[in-house]
Amino acid sequence: MGRIIRWIVVGLGVVLLAASVALWMRPGGLNRATGRDGSFVVPGGVAVGGSFVLVDGSGRTVTEASWPGRWMLIYFGYTFCPDVCPTELQTMAAALDALGPLAARVVPLFITIDPERDTPAQMGEYVKLFDERLIGLSGTPQQIAAVARAYRVYYARVTPKDSTAYLMDHSSFMYLMGPDGTLRMLFRPDMSAWDLAKAIRSCLSAAS
Ligand code: NI
């Protein structure tokens, strides 16, 4: 009897959690402002982001305070990703190009959710394939778990039946953080570089 009740409680918890995440992620759900371009602003009071300690490609320890006065455009993924991550990094790079000189105010970060395979050096080399301005970050599994928790990033290891190498299942949002460290915009995957640049430009100009 006790076990059945426990399972019911666990089941209800999972359903509630899934429903709130779906609402939070779904444009037009809890989100007040949804851009037609796929960007949306999260409702006030939803804490996303925060402090982190990670390592860059040259082995230097970096935190959220490493680029004072600048915005951060953050994407979480991994270098072994067969499709979505490379596409999103290309979009990020193209958006930086479209931003022109304004891009200097934005620090583009690619943070791994696969720290077992993605060493800081590998992250540093990988991002340069897309754009010299991109910064790849890794860390210990604990450091990665902490930053993923802060940004509400979902990730899990999956091993396909026909393979010995594993893949990472992961959420694929892009985060625009203001110089004060607060979340300003969240971008869904598959956004065009043009729309991404447009949304970033509007945020930057509203702030200055
Ligand atoms: Ni990926």
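Buried means under 20% relative accessible area, exposed over 50%, and partly exposed in between (1.4 Å probe, protein chains only). This is a predicted model: local features need pLDDT of at least 70, side-chain atom pairs count only at pLDDT 80 or more, and totals for chains, interfaces and linings use all residues. Residues are numbered from 1 along each chain as its sequence is written, and side-chain values use heavy atoms, leaving out hydrogens and water.

**Cysteines**

| Residue | Relative accessible area | State |
|---|---|---|
| Cys 81 | 8% | buried |
| Cys 203 | 14% | buried |

The structure holds 0 disulfides (cysteine sulfur pairs within 2.5 Å).

**Core**

A nonpolar core is a set of buried Ala, Val, Leu, Ile, Met, Phe, Trp, Tyr and Cys residues joined through side-chain atoms within 4.5 Å. The largest one has 57 residues. Those with the most contacts inside it include Phe 76, Tyr 151 and Tyr 175. Helix H5 (193–207) gives the most to this core, with 7 residues. Helices (H or I, at least four residues) and strands (E, at least two) are DSSP runs, numbered from the N terminus. Phe 76 touches (heavy atoms within 4.5 Å) residues including Phe 110, Val 147, Tyr 151 and Tyr 175.

**Helix H4**

In H4, Ile 144, Val 147, Ala 148 and Ala 150 are buried. They lie on the same side of H4, because they cover an arc of only 160° around the axis, taken from the directions from the helix axis to the C-beta atoms. These buried residues pack against strands E3, E5, E6, E7 and E8. The face turned away carries the exposed Gln 142 and Arg 149. Just after H4, Arg 152 takes a positive phi of about 55°.

How values were computed. Lists of a residue's contacts leave out its neighbours within four places in sequence.
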